[in-house]
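Have the coordinates open while you read.

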Amino acid sequence: MNESTSDAPRPTSSASDRPLTRRHFWQLGTAAALGTGAAVLLPGQATGATEARSRTSQYYFDRAARLAGDNPILTDLVAGLAAGFSIPFPPAPAPLKIFDDVAVVSIGFVSATAILTSDGIILIDALTSPADVQQTLVPGLRALALDPSTIKYVVVCHAHGDHFGGAQYLADTYGTRVLMAPADWEMIAANRPANAPTRDLDITDGQRLTLGNTTVTLHHTPGHTPGSVSPIFPVRWQGKAHRAMLWGGTNPPAATADKQTYLASALAFASRMRRAGVDVELSNHGFCDHGLARIEELRASPDSRDNPFVVGTSGAQRFMKVMENMLRGRILLDQESTATATATAATPAAACGC
């Protein structure tokens with residue numbers, strides 16, 4: 001593995017450079033939406049501490065909904081982060097190159113993202129099983145005139161079977177190197193799930209993975225699992241440079257402390273996105289961000305100058321701000337539920353009237 005200390009190319013265009021279209025109309029309201037009370041305070045912070053302590057979970061859920069508006073990318077995110085959300089199992093889309101140098105092969109509820117470099121493929125996630133690789137990933141790449149034997153690395157965003165399931169098959173068949181954060185390698189070792197890959201390469205926080213002409217920066221974003229990882233990497237659309245992110249694990253964990261870890265990761269990653277100039281939002285679960293619909297939109301207009309995955313730098317920050325508010329709401333909802341349960345347990349039983 002070749003690690004480079006040089007920064008990857010910065011994007012040279014953003015959504016603001018393109019003519020106004022219905023697809024990107026929502027971006028125009030982003031700055032205003034983020035500017036109205038955008039500074040969200042945790043209880044106990046100096047400025048507005050009393051007001052912050054009085055806020056309820058619904059305050060943050062409503063705020064997330066206002067930020068989302070009628071943008072389907074963001075309304076899907078709100079739904080996906082809500083308590084009680086049930087994972088859907090939509091039909092699998094046909095494989096598609098969503099950028100000049102990025103392809104998506106999906107089984108519907110989870111996708112693998114292939115970053116195409118001058119020296120082979122960096123694969124983000126490996127679907128659920130060896131059968132998925134044999135029956136979906138390999139033929140899907142070949143349908144796009146891509147050679148699966150050139151998959152040099154698979155970056156596993158987190159240690160759940162729908163993300164690592166095909167990794168060992170790739171390692172055994174093509175010599176692919178498998179990368180995961182140490183905490184998730186350890187989780188696999190402790191739980192011994194089916195199809196778990198043999199421990200190979202550890203991902204360090206902020207690591208730069210370089211293959212050919214492309215450098216992917218891998219950030220630790222724990223919360224969904226202890227070792228969740230979210231990449232930032234350059235992409236091109238019709239020859240124009242952009243910078244993409246892929247959030248490594250969406251569903252909030254059960255424990256309140258883990259949700260707080262998740263929130264801290266989201267805040268830190270949003271800052272890294274801002275510094276990197278991220279203007280493209282991607283997900284390994286296309287039902288969480290309208291991704292499957294955007295694939296079909298792009299398939300219907302393959303020569304369009306306007307790529308639906310390019311949301312602009314402000315749009316990418318708005319995505320993370322919706323996530324932040326939903327997580328703040330989920331944390332308070334946990335606390336409210338605990339307080340209600342405690343109060344109920346402490347209330348004396350009503351006296352018998354007979």
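1. With that, the lining of the second largest cavity splits into 5 nonpolar, 2 polar and 2 charged residues.

2. Ground rules: this is a predicted model, where local features need pLDDT of at least 70, side-chain atom pairs count only at pLDDT 80 or more, and totals for chains, interfaces and linings use all residues. Residues are numbered from 1 along each chain as its sequence is written, and side-chain values use heavy atoms, with hydrogens and water left out.

3. How many cavities are there of 30 Å³ or more? The count is 2. A cavity here is a set of points, on a 1 Å grid over the protein atoms alone, where a 1.4 Å probe fits but cannot get out; lining residues have an atom within 4 Å of a point. Points are joined across faces, edges and corners, and the volume is the space filled by probe spheres set on them.

4. The largest cavity holds about 110 Å³. Its lining includes Ile 98, Val 104, Asp 289 and Phe 309. Strand 3 (111-117), strand 12 (280-283) and helix 10 (291-300) each give two or more residues to this lining; helix 10 has the largest share, with 3. Helices (H or I, at least four residues) and strands (E, at least two) are DSSP runs, numbered from the N terminus. By class, this lining has 6 nonpolar, 5 polar and 1 charged residue.

5. Back to the second largest cavity, at about 40 Å³. Among the residues lining this one are Leu 77, Trp 247, Glu 281, Asp 289 and Met 323. Strand 12 and helix 11 (312-346) are the elements that supply two or more lining residues.

6. Now the sheet: 5 strands, open, in the order 8-9-10-11-12, with mixed pairing. Strands pair if DSSP finds at least two bridges between them. Strand 8 (207-211) and strand 12 sit at the edges, each pairing on one side only. Strand 11 (residues 240-247) runs parallel to strand 12, joined by 4 bridges; Ala 244 has Val 280 of strand 12 as its bridge partner.

7. Finally, helix 9 (residues 256-276) packs on the sheet and touches strand 9 (214-220), strand 10 (229-237) and strand 11, contact meaning heavy atoms within 4.5 Å.

Note on methods. On a 1 Å grid over the protein atoms alone, a cavity is a set of points where a 1.4 Å probe fits but cannot get out, and a pocket is an open set with protein on both sides within 12 Å along at least five of seven lines; lining residues have an atom within 4 Å of a point. Ala, Val, Leu, Ile, Met, Phe, Trp, Tyr, Cys and Pro count as nonpolar, Asp, Glu, Lys and Arg as charged, and the others, Gly among them, as polar. Axes are lines fitted to C-alpha atoms, for helices over the stretch in contact, and angles run from 0 to 180 degrees between N-to-C directions.
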